Amino acid sequence: MSGAGNHRRHGTRLVSPLCALEVALVRVFMSYCHADEALRDRLEVHLTPLKRRGLAVWHDRRMLPGDEIDEGIQEALAAADVALMLVSPDFLASAYCHDVEMQLAVDRHRAGLCRVIPVILRPCDWSSTPLRQLLALPRDGKPVTRWADQDQALYEVAVAIRKSVTEWSRPSEI
């Protein structure tokens, strides 16, 4: 039985009878290159406890056949409270990821409209991008794939995202 129908909307908050906590809906946009889809999926698994408490994760695989690609991505990014940039050599090589998604996210971040969080998936020269000014995850910007235990790295990323979202979106109780 899906728990989605068990949530009541109260203003912009969801009330879950399962945890009796009132949490704000926090929209997360994931920007990534399709070459990194497996790592994106693993990160999303680690974000599941937050998703159960009001974190709504969006990425382009949520689009439906016939959707306008550019319009759908730009609308989702414009609605995001948090933009995760899943950085890898393929992400940096992608004109769309680098020049469109990352630039729009960084512009929104600078305007105070969302929080951009770089997540370094694989070794790459991300320090030559606008993301260099932001504190990256995992700890010290060490790429996820360089950790002996990638689940430990993704766990640390998920915990840091929870802390960041909590501080940035107060009075949320995520």
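**Exercise 1. Cysteines**

Cys114 counts as buried, at 1% relative accessibility. Buried means under 20% relative accessible area, exposed over 50%, and partly exposed in between, with a 1.4 Å probe and protein chains only. The model is predicted: local features need pLDDT of at least 70, side-chain atom pairs count only at pLDDT 80 or more, and totals for chains, interfaces and linings use all residues. Residues are numbered from 1 along each chain as its sequence is written, and side-chain values use heavy atoms, with hydrogens and water left out.

Task: How many disulfides does a search of the whole structure find?

Solution. 
- Start with the cut-off: a disulfide is a pair of cysteine sulfur atoms within 2.5 Å.
- The search of the whole structure gives zero disulfides.
- Take Cys33: its nearest cysteine sulfur belongs to Cys97 and is 5.3 Å away, and Cys33 is in no disulfide.
- Cys33 is buried, with a relative accessible area of 16%.

**Exercise 2. Sheet order**

Task: In what order do the four strands of the open sheet stand?

Solution. 
- Strands (E, at least two residues) and helices (H or I, at least four) are DSSP runs, numbered from the N terminus.
- Two strands pair if DSSP finds at least two bridges between them.
- Strand E4 (residues 26–31) and E5 run parallel, joined by four bridges. Val26 stands opposite Leu55 in E5.
- Strand E6 (residues 82–87) pairs with E7 in the parallel sense over six bridges. Here Ala83 faces Val116 in E7.
- The order is E5-E4-E6-E7, with parallel pairing.
- E5 (55–58) and E7 stand at the edges with a single partner strand each, so one side of each has no neighbour in the sheet.
- Neighbouring strands of this sheet are turned by 25° against each other on average, direction ignored. Axes are lines fitted to C-alpha atoms, for helices over the stretch in contact, and angles run from 0 to 180 degrees between N-to-C directions.

**Exercise 3. An edge strand**

Task: Why is strand E7 largely enclosed by the rest of the structure?

Solution. 
- Strand E7 covers residues 115–120.
- Five of its six residues are buried, so the rest of the structure largely encloses E7.

**Exercise 4. Helix H3**

Task: At what angle do H3 and H5 pack?

Solution. 
- Contact means heavy atoms within 4.5 Å.
- H3 and helix H5 (residues 95–110) pack at about 30°, with axes 10 Å apart.
- That makes H3 roughly parallel to H5. Angles under 35 degrees count as roughly parallel, over 145 as roughly antiparallel, 65 to 115 as roughly perpendicular, and the rest as oblique.
- From H3, Asp70, Ile73, Gln74, Leu77 and Ala78 meet residues of H5, including Tyr96, Val100 and Leu104.
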